[in-house]
Amino acid sequence: MVRQQVDLGGLVMRNPVTVASGTFGSGREYADFVDVAALGAVTTKGVSLHGWPGNDAPRIAETPSGMLNSIGLQNPGVDHLKHHDLPWLAAQGATVIVNVSGHSTQEYVQVIEALEEAPVGAYEVNISCPNVDAGGMTIGCHPLSVQEVVGACRVATKRPLIVKLTPNVTDITEIARAAEYSGADAISLINTLLGMAVDVKRRRPMLSRVVGGLSGPCVKPVALRMVWECHNAVRIPILGMGGITNGEDAVEFMLCGATAVAVGTANFMNPKATENVIAGIVEYCEEQGVDDVNDLIGALVC
């Protein structure tokens, strides 16, 4: 038997597999295919203080080995999550990570405060949001704004705090260090890469907002590189993601330094992708004589 339990910054997971925020709803949508309690954790779709309508359509475009999305963090707000989705997840016995979104430091804190009495295992703070108090700049692109948001969230909760990093920066390690310095218990990376697609017959962008977030197998080499860089830059655990479709993909991330992994776009192609990844990690360990998945973390030989 392979020991699968991992500790992601204080969040104990029965196995190292969760889902990427925004690709799994809040778990209920996949319940006909996956036992959500069997996952290491369910990471919810991003939640804001009040509901956000999201962007205009079209907001999804298929690309070679991936997809672009410009959903705009559409969600019904924290009260709906708290009273509708979290009780259902608790009844299933699932471990829950809530992805927290906001357009200001105060909004992030208010979402966390609203959930402090709810059955939540950890928070994943999405710092890829634009900060309306700073002219719309992306929070996660600037170390000082990262420190401000993460520091405020740290004061608001004693629960494990995972900070989700944007890859659309010059030096990802600078942002990772800022998150660690400000009290993050773990970091997750990568969020989507900024990209665009063009309809040549119409001579128009394929997304209403022109650009969107690129995800899927095409981003995996970039994600692996950034996980490896951050593993060598910070001491806190890493939740790795970006193009994972099978067990060997997940093992690659763990060898590069990830303690746990998240399955994202693959859920749209295969609703049982998470279960397949868990089984694939175990199969790899059995073939390689690995008794504990923790032995894989950072074990890349260079």
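The protein carries 20 positive and 31 negative side chains, and 7 Å separates the centres of the two sets. The structure described here is a predicted model.

**Overall form**

The secondary structure consists of 8 helices and 20 strands. A compact globule of 302 residues would have a radius of gyration near 19 Å, and the protein agrees with this because its own value is 18 Å. Along the principal axes, the C-alpha atoms fill a box of roughly 50 × 50 × 40 Å. The accessible surface comes to about 13000 Å², and carbon and sulfur atoms account for 51% of that surface.

Of the 302 residues, 54% count as buried. Among contacts between residues at least 6 apart in sequence, 70% join residues at least 24 apart.

In soluble globular proteins, nonpolar side chains tend to be buried together. In this model, the largest nonpolar core has 93 residues, and the members that touch the most others are L86, V98, L115, I127, L165, I187 and L189. Helix α8 (residues 273-288) gives the most to this core, with 6 residues.

Leaving out residues up to four places away in sequence, I127 touches Y108, T138, I139, G140, V146, V149, V163, K164, L165 and I175.

Helix α2 (residues 105-115) has as its buried residues T105, E107, Y108, V109, V111, I112 and L115. The elements that cover these residues include the strands β5 (50-52), β9 (96-100), β10 (122-126) and β13 (161-164), together with the helices α1 (78-92) and α3 (143-156).

K164 lies in strand β13. With a relative accessible area of 5%, K164 falls under the 20% cut-off and is therefore buried. Apart from residues up to four places away in sequence, K164 touches S21, N99, E124, V125, N126, I127, S188, N191 and M241. The C-alpha atoms of K164 and A179 are 9.3 Å apart, and 15 residues separate the two along the chain.

T63 belongs to strand β6 (residues 60-63). T63 counts as buried because its relative accessibility is 15%. Beyond its neighbours within four places in sequence, T63 is in contact with L68 and L214. T63 and L214 are 151 residues apart along the chain, and their C-alpha atoms are separated by 8.5 Å.

**Backbone exceptions**

Most residues other than glycine have a negative phi, and most peptide bonds are trans.

| Site | Feature | Value |
|---|---|---|
| A57 to P58 | cis peptide bond | omega about 0° |
| L189 to I190 | cis peptide bond | omega near 15° |
| S65 | positive phi, not a glycine | phi about 60° |
| L73 | positive phi, not a glycine | phi about 55° |

P58 is in the loop between β5 and β6, while S65 is in the loop between β6 and β7 (66-69). L73 lies in the loop between β7 and β8 (75-77), and its relative accessible area of 28% makes it partly exposed. I190 is found in the loop between β14 (186-189) and β15 (193-196). L189, joined to I190 by the cis bond, is also among the core members that touch the most others.

Notes
Residues numbered from 1 in each chain as written. Predicted model: local features only at pLDDT ≥ 70, side-chain atom pairs only at ≥ 80, totals over all residues. Heavy atoms only, no water. Helix = DSSP H or I, 4+ residues; strand = E, 2+ residues; numbered from the N terminus. Rg over C-alpha atoms; globule rule 2.2 N^0.38 Å. Buried < 20%, exposed > 50% of the residue type's maximum accessible area, 1.4 Å probe, protein only. Contact = heavy atoms within 4.5 Å. Areas by Shrake-Rupley, 256 points an atom, 1.4 Å probe, with all protein chains shown as cover. Lys, Arg positive; Asp, Glu negative; His and termini not counted. Charge placed at Lys NZ, Arg CZ, Asp CG, Glu CD. Core = buried A, V, L, I, M, F, W, Y, C linked by side-chain atoms within 4.5 Å.
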